[in-house]
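Let's take a walk through this model one piece at a time. Keep the picture open beside you as you read.

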Amino acid sequence: MPLSRSLLRVARRITSDAAAAEDLVQETLLRAWRGFEQFETGTNARAWLFRIMFNAFYAQGRKRRSGPVLVSLEHAELELEPTAQPLSGWTDAVSVSRALNGLSEEHKTVLMLGVVEGFKCREMAEILSLPIGTVMSRLSRARQALRERLQVPDSRPEGSRAGAACAEREAS
Amino acid sequence: MNCGEIARQAPLYISGELDARQAAEFDAHLRTCAECMRELERQARIDARLCEVVLAEEGDTARIDRRVRELIAAKAAGQPLPQMRPRFRGWAAAALAIAAAAIVLAGVGYRTLVRQPVAPVHAAAARDHELEVVEHQRRPWLTDPGQIATLAEQQGIARSAVTALASGGYRLSRGKLCFLDHRIFLHLVYTDGVREFSVYLRTRDSKPLPVTAREISNGKPLCTSDLDGEHVASIETPQLTAVVVTNESSDAALKLARFASAVL
C-alpha cells in the first residue's frame, strides 16, 4: 500500500501503542479508499492521506476520552524502544527514542511530520488544520523540549528563544 | 534580521520555505552571528539523529496491507465490511511472533547470519540511501550548489570536493547533513537524469573504518560491502572518509569509489 510505512511510523508515535497504530493506519487507508473521489488529482496525495489519519485519530481521541483507557503506556514504551544497546551521550538511540516518547502528543506530532517525514510547515498546517504560525512555534518548542530531554544545551540568549512563543501569540 | 527573528523563522528556513529575499537575509545574519550558526548546526544534528533513530524502528505493514486489501475486496464484491481486526491477545501475539521469527530465520535471516560482517557505517549508508534516494522520502534538501558547498565547508570539507565528485555525465543534485552510525555526514546525491548515487562525506576520524580493505586505490584504502539491493564502497584519505552507495552493481560502486580516490 502506498505510504503505509510512513503512516504507521507516525501512528505508532502518536498512539504510543502498536496495535492501536495498526488499527489507525487500516482505518486511514479504508477512509481514503471510500473517499477517493474527493481527492483532487495533482494535489498532494501524501498530505491528503496524513490529514485523513489525523482526522481519524482525533475522532478516536474523542471516543477514548469518553471511555475507559485500555492501553498500558508502560508496555507501549517497551514496544517502541529500539533494540540497539545503549551508548553514552545524547546520540544514543534509546535516549533519543525515550525523549521523543516522553513529549506531549502535540510535540511528537510536529516532530514526526516535520523532521522525520519531511513535511513543510505549510503542509503540516493543512494536515493538522492549524494556522502556519502555530505550526512554526509548536515545532520550535517541540525541538526545544526534545533538546531539554536529551540535555543538549541551547546557546542562544533567552530573548531569542522566546521568539517562538511570540509567533504563537501572533498566530492565535 | 535579529537573533529573535532568526529563531522565529528557523522552522521555515530549515524546511526551505523562506522566499529568496528572506533566505538571503537569514544567510546574511548567519554569516555574522556565530551563536545562531552554531545553534542551527546543532539543531541539524539533532534532527538528523532523530530521523535516523525513528527510521530504524520500521514496523511491518504487510499485515495491514493484506487486511485492507481483504476489506476492499469484500466491499467491492458487495459484501458488508467485516468488523475491524480485534486486538491481539497476548498468547496470539506470542504465537505470531514465534511464527514470524521462524519465517525470518528460514528466509532473509539465514542470509544475514551467514554473510560477511558489514561495517556499521556501510549498513547505515545503505539504509539511508534506500530511504532517502531510492524511496524518495521527503527531506529538506539543499539544491543550490553554492549553499551545498558552504555546508560542506562548515563541516571542514573543501568546497572543491563537492563538484569534483561529479563524473561521467553525473551532476550534483542535492545535499544535506545526516547521521550515520552516530556521526554526522554530508550526504550528496549525484544524478545523470535517470540514475542517482549517494556520497557520504565527513572529516576523517582518528581510527580507520572497521572493514578490511579490498584494495589500495591511488594510495587510499578502499572497502566494499554488498547489502540487499545497495552496493557500498568507501575510501579514506588523510582528511576525509567518503562512502559511495549505488543500486547499480558492485562494479559501479567500485568504479565510483576509485574515481573518488583519484579526486579527493
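## Around P140(B)

P140(B) touches G118(A), I14(B), S15(B), G16(B) and K176(B), leaving aside residues up to four places away in sequence. Here, two residues are in contact if their C-beta atoms, placed from the backbone, lie within 7 Å.

You'll find P140(B) in the loop between α7 (120–134) and α8 (145–154) of chain B. Helices (H or I, at least four residues) and strands (E, at least two) are DSSP runs, numbered from the N terminus. Is P140(B) buried, exposed or partly exposed? It counts as partly exposed, because it has 18 C-beta neighbours inside 10 Å. The cut-offs go like this: a residue is buried if 20 or more other C-beta atoms lie within 10 Å of its own, exposed if 12 or fewer, and partly exposed in between, with C-beta atoms placed from the backbone.

## How to read the model

This is a predicted model, where local features need pLDDT of at least 70, side-chain atom pairs count only at pLDDT 80 or more, and totals for chains, interfaces and linings use all residues. Residues are numbered from 1 along each chain as its sequence is written, while chains are lettered from A and ligands numbered from 1 in the order in which they are written.

## Chain A and its helices

Chain A has ten helices and zero strands. Of its 172 residues, 41% count as buried. Take contacts in chain A between residues at least 6 apart in sequence: 63% of them join residues at least 24 apart.

Helix α5 (residues 93–101) of chain A has A93(A), V96(A), S97(A), A99(A) and L100(A) as its buried residues. Looking down the axis of α5(A), they fall within an arc of 160° (taken from the directions from the helix axis to the C-beta atoms), so they line one face of the helix. Next, a pair: the axes of α6 (residues 105–116) and α8 (residues 132–150) of chain A come within 9 Å and cross at roughly 100°. That makes α6(A) roughly perpendicular to α8(A), a label for angles of 65 to 115 degrees. Among the residues making this contact are V110(A) and L111(A) of α6(A), and L139(A) and A142(A) of α8(A).

## Strand β6 of chain B

Strand β6 (residues 231–236) of chain B is mostly covered, with six of its six residues buried. H231(B), A233(B) and I235(B) point one way from β6(B), while V232(B), S234(B) and E236(B) point the other way.

Which strands pair with β6(B)? Strand β5 (residues 220–226) of chain B runs antiparallel to β6(B), joined by five bridges, and S225(B) has V232(B) as its bridge partner. Strand β7 (residues 240–246) of chain B also pairs with β6(B) in the antiparallel sense, over six bridges, and there S234(B) stands opposite V243(B). Two strands count as paired if DSSP finds at least two bridges between them. A hairpin of three residues links β6(B) to β7(B).

## The nonpolar cores

A nonpolar core is a set of buried Ala, Val, Leu, Ile, Met, Phe, Trp, Tyr and Cys residues joined through C-beta atoms within 7 Å. The largest one has 88 residues, and L50(B), V244(B) and A260(B) have the most contacts inside it. Its largest share, seven residues, comes from helix α2 (residues 18–34) of chain A. A second, separate core has seven residues, including I6(B) and I14(B).

Key:
Axes are lines fitted to C-alpha atoms, for helices over the stretch in contact, and angles run from 0 to 180 degrees between N-to-C directions. Angles under 35 degrees count as roughly parallel, over 145 as roughly antiparallel, 65 to 115 as roughly perpendicular and the rest as oblique.
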